[in-house]
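Hi,

Here is the structure I said I would pass on. My notes on its pockets and its barrel follow below.

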Amino acid sequence: MSERLIPLGEIVATHGIQGWLKLKPYNPDTDILFSIQEIFLEKAGVCSPFFLEESRLHKRQFLLKLGGIKGIAEAQKWIGTIVSVTEQTLGPLNPGEYYHYQTLGLDVFDPEGQWIGTITRIWSKEGGDLYVVKGSEREYLIPAVKEMIEKVDFPERKMIINPPPGLLDL
């Protein structure tokens, strides 16, 4: 596949006996699963396309019914897989907005210009997302909230954060 795939979340369980899958989304507020027809499941480095027959919200997660998955036995094979969509499927953003995946690989600096590390992944937790920032000697968990992020500069591939005292010492 030549199109870039953007991960939306992970299949964490089955739901019922009819082959429904439970998706834990990286962004629980996403509504993209209500307007698309094709998704990709990635397992062991292989991406398989599926027709999205139906999706429903269920306790801050999504229930997905995919074409070709008829029962619980088939659905169980997909637990632990990553659900992705093509990049072109994502909608346009307003000025100043960005998708989380775009922050991966950004260098993170404090307001004085001191390099803290590089964003290696986004850890989605119940209380909100955390940027996992790998420094030269350790990892930092930086809340992905606008109060913490002073500036995101995609052309320069950097993010400037304004952490409260002590955050980087944890």
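The second largest pocket has a volume of about 560 Å³. A pocket here is an open set of points on a 1 Å grid over the protein atoms alone, where a 1.4 Å probe fits, with protein on both sides within 12 Å along at least five of seven lines; lining residues have an atom within 4 Å of a point. Volume is the space filled by probe spheres set on the points, which are joined across faces, edges and corners.

This is a predicted model: local features need pLDDT of at least 70, side-chain atom pairs count only at pLDDT 80 or more, and totals for chains, interfaces and linings use all residues. Numbering starts from 1 along each chain as its sequence is written, and side-chain values use heavy atoms, without hydrogens or water.

Back to that pocket. Its lining has 24 residues; Tyr 26, Asn 27, Pro 28, Gly 128 and Asp 129 lie nearest the centre. β2, β8 and β9 (128-134) each give two or more residues (strands are DSSP runs of E, at least two residues, numbered from the N terminus). β9 gives the largest share, three residues.

The largest pocket has a volume of about 640 Å³. It is lined by 23 residues, and Asn 27 is among those nearest its centre. β8 gives the most, four residues.

Now the barrel. Six strands close it in the order β1-β2-β5-β4-β3-β6, with antiparallel pairing (a pair needs at least two DSSP bridges). β2 (residues 20-25) and β5 (residues 61-66) pair over three bridges. Lys 22 has Leu 63 in β5 as its bridge partner.

Best wishes
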